[in-house]
Amino acid sequence: MRPATLLAVCALTASTALVAGCGSENAAPGSRAASPTCTSRPPVGDPSELKRDGVTILGQDCGPSASARTKFQVTNAEAEPFSYTVSFEVLNGAGEVVSNPRRTLASVPPGRTVQDTVALGDVPTAGARVRIRKVRAIPADEASEVSAKCPPSGMRVTTDEGDAAMGLRVVGMHLINCGTGVVRTDGYPRLQLLDERRRPVTGVRILDGTGAISTAGGPDTPPRPVTLRPGETASASLMWRNTTESGAAVNIPYVRVTVTPGSPTVIVTPELDLGTTGRLGVGPWTKETKDQASRPTPPDSLGGGRPNPTAPSTGE
């Protein structure tokens with residue numbers, strides 16, 4: 001394509017394409033033209049999709065490899081450091097979601113604004129745009145999402161993507177001994193359910209065991225002592241039914257977890273859509289095999305820890 005033609009195409013698409021491959025060609029006479037490179041673009045879309053919960057999409061930001069990236073910023077309006085995990089959606093010209101990138105910023109200082117970029121991957125260019133899907137913010141001393149550094153407690157808690165069938169939901173919670181000592185537990189994880197603003201949610205019964213929710217996973221097993229050496233992992237199941245009848249459905253984005261009485265608490269984001277059933281079953285900690293422990297865990301669900309001044313409410 002000749003330089004004049006390429007510039008015309010770029011001018012035509014610049015007002016609508018957030019993710020674009022247009023740029024400039026600089027080639028000496030008789031030489032082969034260089035590949036177009038990506039250029040910066042302002043954000044495109046409804047303002048409510050470009051700014052929410054302290055996160056603002058600033059536009060396209062591309063490196064020398066012309067890989068598409070979106071530039072954004074996070075403002076921490078809290079009084080303490082927070083970690084933010086931002087989930088985005090990339091839409092093509094027809095408005096269809098084609099990818100779901102996400103990015104975590106750890107320990108943003110209070111009152112500060114931090115900028116970053118997120119890679120969008122292989123996405124279409126014509127009419128594509130990026131919007132914010134959701135933002136999850138956790139106090140930094142209860143989260144350790146982006147670092148392999150082990151929390152002072154020597155314990156890390158994660159949740160997996162879970163499974164759903166016929167309205168039955170199951171999410172696995174995993175306890176990892178990332179320290180140098182031995183971790184011991186012999187009961188159930190104690191949970192405090194938190195809403196979008198991380199306020200305690202009442203009116204939900206948290207049950208020891210999952211048998212009252214469903215027997216699909218077999219009969220309940222009583223808690224047994226679990227000893228985790230460095231690198232070993234235990235798991236517990238969260239089970240509920242997503243039945244919605246009369247009343248308002250209850251959605252729980254955050255859960256504060258206490259592994260053993262007096263241990264530091266962590267916050268995970270299992271996104272519990274409890275419907276109107278008002279019940280959540282919790283299985284006991286069970287030591288995982290090496291094969292189970294090797295399964296990947298989403299990076300935005302890692303937990304750090306803070307001292308637990310009081311036992312969390314079960315929301316009975």
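Over which residues near 309-316 does pLDDT stay under 50, and how many contacts beyond four places in sequence does the model have for them?

**View 1. Residues 309-316 in the predicted model.** The structure shown is a predicted model. pLDDT stays under 50 over residues 309-316. For this stretch the model has 17 contacts beyond four places in sequence.

**View 2. Helix 1 and the stretch around residues 2-37.** Confidence in the protein is lowest in helix 1, residues 3-13, where the mean is 40. Strand 13 has the highest confidence, at 97. Over residues 2-37 the pLDDT is below 50, and this stretch has 63 contacts in the model beyond near neighbours in sequence. The protein averages a pLDDT of 79, and 73% of the residues score at least 70.

**View 3. Pairing of strand 13 with strand 18.** Strands of a sheet pair through backbone hydrogen bonds. Strand 13 and strand 18, residues 254-258, pair in the antiparallel sense over 5 bridges. Gln192 has Arg256 in strand 18 as its bridge partner.

**View 4. The protein as a whole.** The protein has 3 helices and 22 strands. Of its 316 residues, 44% are buried. The accessible surface comes to about 15800 Å², and 52% of this belongs to carbon and sulfur atoms. Among contacts with a separation of 6 or more, 70% are between residues 24 or more positions apart.

Key: Residues numbered from 1 in each chain as written. Predicted model: local features only at pLDDT ≥ 70, side-chain atom pairs only at ≥ 80, totals over all residues. Heavy atoms only, no water. Pairing = 2+ DSSP bridges. Helix = DSSP H or I, 4+ residues; strand = E, 2+ residues; numbered from the N terminus. Buried < 20%, exposed > 50% of the residue type's maximum accessible area, 1.4 Å probe, protein only. Contact = heavy atoms within 4.5 Å. Areas by Shrake-Rupley, 256 points an atom, 1.4 Å probe, with all protein chains shown as cover. pLDDT = per-residue confidence, 0-100.
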